[in-house]
Amino acid sequence: MKRNIITTADGSKTIQIEEWNEQYHSVHGAIQEAKHVFIKEGLYHYCSVNSADSNDVSILEIGFGTGLNAFITLLEADKLKTKIHYFGVEAFPVGIEEMNKLNYVEQLHAKNQEHLLKQMHESLWEVEQNISSFFTLTKQKKIFSDIKDINSYDIIYFDAFGSRVQPELWTETIFKKMYDALKINGVLVTYSAKGSVRRAMQTVGFEVERLQGPPGKREMLRASKLS
Ligand SMILES: C[S@@+](CC[C@H](N)C(=O)[O-])C[C@H]1O[C@@H](n2cnc3c(N)ncnc32)[C@H](O)[C@@H]1O
């Protein structure tokens, strides 16, 4: 499928899949979306509610893609001085040529950490790698339906392509896997606010909140595993 690099409303770039008219990130701002949905409503929320346990946080990302969410999380881990173990699942890795056309390092004013983003992309699959003092990365090359982890993660960044193009990823079957993979008190955050998605999450046992969305999107969802 033909892929283009496009500039989103906050100046950060993303990849567009032309045939699907679908992007890796919000066209209203890739970095803004990542910071709002995953960092503020995921990582920061989790750390504020679970302050006693938040010195060591494990995160599962559904769709490692460009590594933008992972890179911003690394920058935050260093600021928070919180050890983060990050697990990025991805079946179709983004190639280095495409990566070089994105502008996340400049947009995030992270020139000093540029080598860390490169290291993330070059790191081996299925092996835990120390990327910084506060951030380890384990990339897992597999399809989401093969996830079988139980009680393993504090936070899930659910960042699959939208249900319009991949409806099979927004079902009770997948959310049951996500529920099982989370520890108790764990949270899943996603940019989607669709009613059918919320209901599928509730059916498998999640408590679901509708929250204000990132710029350009009215709402998003946060699902908590309470028992
Ligand atoms: C919305 S993009 C993720 C963007 C990413 N979080 C980032 O920060 O760049 C969705 C990702 O899911 C991957 N993907 C799609 N279907 C998949 C599947 N069934 N199993 C594993 N990965 C899949 C795609 O290759 C793509 O990288």
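## Ligand site and sheet

A polar side-chain atom of Asn69 sits 3.3 Å from a nitrogen atom of the ligand. The model is predicted. Glu90 places a polar side-chain atom 2.6 Å from a ligand oxygen atom. In the side chain of His25, an N or O atom is 3.0 Å from an oxygen atom of the ligand. The table sets these contacts side by side.

| Residue | Ligand atom | Distance |
|---|---|---|
| His25 | oxygen | 3.0 Å |
| Asn69 | nitrogen | 3.3 Å |
| Glu90 | oxygen | 2.6 Å |

How much of the ligand's accessible area does the protein cover? On its own, the ligand has 600 Å² of accessible area, and the protein covers 95% of that. The ligand takes up the space of the largest pocket.

The shell comes next. There are 20 residues around the ligand. Glu61, Gly63, Thr66, Glu90 and Asp159 come nearest. Sorted by class, the shell holds nine nonpolar residues, seven polar ones and four charged ones.

Now the sheet. It is open and has three strands, in the order β1-β2-β3. Pairing is antiparallel. Which strands lie at the edges? They are β1, residues 3–7, and β3, residues 22–23. Each of these pairs on one side only. Strand β2 spans residues 13–17. Five bridges join β2 to β1 in the antiparallel sense. Across this pair, Ile15 in β2 stands opposite Ile5.

Technical notes. Residues numbered from 1 in each chain as written. Predicted model: local features only at pLDDT ≥ 70, side-chain atom pairs only at ≥ 80, totals over all residues. Heavy atoms only, no water. Near = heavy atom within 4 Å. Polar contact = N/O pair within 3.5 Å; in protein donor to acceptor, adjacent residues only side chain to side chain. Areas by Shrake-Rupley, 256 points an atom, 1.4 Å probe, with all protein chains shown as cover. 1 Å grid on protein atoms, 1.4 Å probe; cavity = no way out; pocket = protein on both sides within 12 Å on 5 of 7 lines; lining within 4 Å. Sits in = over half its atoms within 2 Å of the grid points. Nonpolar A, V, L, I, M, F, W, Y, C, P; charged D, E, K, R; others polar. Pairing = 2+ DSSP bridges. Helix = DSSP H or I, 4+ residues; strand = E, 2+ residues; numbered from the N terminus.
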